[in-house]
Amino acid sequence: MPVSGKPVARPARPGLLEFTYLPSILKGMWITLRHMFRPKVTMQYPEQRWSLPDNYRGLPALVRDEEERVKCVACFLCEYVCPPKAIHIEAQEIQTGVEKGPRVFEINMLRCIMCGYCEEVCPEQAIFLTKEYTTVGLNRAEMIFPKEKLLEMGGIRPDPIKKWQRLTSKQGPSETAHEPVCAGRGTAR
Amino acid sequence: MNGTPRDLPAGMEGSHELEQWILTTRLADYVAWGRKNSLWPMPMGLACCAIELMAMVAPRYDVARFGAEALRFSPRQADLMIVAGTVTKKMAPAVKRIFDQMPEPKWVISMGACASSGGMFRSYPVVQGVDEIIPVDVYIPGCPPRPEALIEGIMRVQQLVEEGARAAQTGARAGRPAPAAGTR
């Protein structure tokens, strides 16, 4: 059977100089010395930070619209889609009369894997992943973020759809005008 | 220099003249200062979080700036356990045993979603949070957390060491409050 490939030759017996290990030591020291004059790669973390890309996925947070309304309508889609089931929602009625809202909205940040499914599935664009990534906690209870904290983290994000304006302004005239489209939609609900 | 009160720094008026040159401290604070700046982590790398743990030690993030670069693979030489990764029920006895082998005082960082709470593995072979078997001091969320988050956790541990929060608790470890129950 023919030999495939080329066998490696056994290294020659080291000479007297190699037995002192000095050439190897000097070679290693030379590499160390060379690295001293190369550009420094260390990022001085607490002072210096990495610039995050726009689509960075950090901790999730709830947002308000420009009129300070909680955009979340407690549809439970994010709770349903969340792979580690980190989100816990309880719904309540809210004053505007056209939607509901969350009474309790908790995210267990120690369960959260920052996958972004909640942001992707949200029909109201109410939950977003922030760029926050250095939060640490001292116990489990403090890492379950309540609604208020999530809203504070998310801040205000303008709503281009103006859903609330449309829903609340249409409700007044539709009762007097009796438009068939609106009536149909009203009964369907 | 003659020790008139005007020569003393602010806040030290009325104190003894010698205190300008002599720094006094309590022995406990001195020891805590030493411990804080030479944490020797025990890398309990069990899954992908361990890659970020290695990145933290590598030159880019360089945890040697915090004095915690001496990762010891023997629990006898370590005082900070970083549990990085999914703790399975099969691994749990080993984690517990390695923790028990570490000399006091010791601290534990639970790194990532899996170690902290089980993460997305809500299943029978996974321990739902390593704090069910060993006491955890700092929890780091993320899947996996960035090396910066881990450095943040180490800085938090240093804070704990400085505060001496654990010194009083060393004897009372058995009476430690149970991990907070909640939505797990």
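**Core, helix and interface**

Modeller: This is a predicted model, and its largest nonpolar core has 74 residues, those with the most contacts inside it being A:L62, B:L80, B:M81, B:I82, B:V83, B:A84 and B:M111. Helix 5 of chain B gives the most to this core, with 6 residues. In soluble globular proteins, nonpolar side chains tend to be buried together.

Colleague: Which residues is B:A84 in contact with, leaving aside its neighbours within four places in sequence?

Modeller: With that exclusion, the contacts of B:A84 are B:P43, B:M44, B:G45, B:L46, B:C49, B:A50, B:L53, B:M111, B:G112 and B:A115.

Colleague: Why do the buried residues of helix 2 of chain B line one face of the helix?

Modeller: In this helix, residues 49-57, the buried residues are B:C49, B:E52, B:L53 and B:M56. Seen down the helix axis, they fall within an arc of 105 degrees, so they line one face. Their cover includes strand 1 (41-45), strand 2 (80-84), strand 3 (107-111), helix 4 and helix 5 of chain B.

Colleague: How many residues of chain B are in contact with chain A?

Modeller: There are 28 from chain B, in contact with 28 residues of chain A. On the chain B side, helix 4 (112-117), strand 4 (138-140) and helix 5 (147-163) each supply at least two residues, and helix 5 gives the most, with 6 residues. That side divides into 13 nonpolar, 7 polar and 8 charged residues.

Colleague: Where in chain A is the pLDDT below 50?

Modeller: The mean pLDDT of chain A is 85, with 89% of its residues reaching 70 or more, but over residues 173-189 the pLDDT is below 50, and beyond near neighbours in sequence this stretch has 4 contacts in the model.

Terms used
Residues numbered from 1 in each chain as written. Chains lettered and ligands numbered in written order. Predicted model: local features only at pLDDT ≥ 70, side-chain atom pairs only at ≥ 80, totals over all residues. Contact = placed C-beta atoms within 7 Å. Helix = DSSP H or I, 4+ residues; strand = E, 2+ residues; numbered from the N terminus. Nonpolar A, V, L, I, M, F, W, Y, C, P; charged D, E, K, R; others polar. pLDDT = per-residue confidence, 0-100. Core = buried A, V, L, I, M, F, W, Y, C linked by C-beta atoms within 7 Å. Buried ≥ 20, exposed ≤ 12 C-beta atoms within 10 Å, placed from the backbone. Arc of directions from axis to C-beta.
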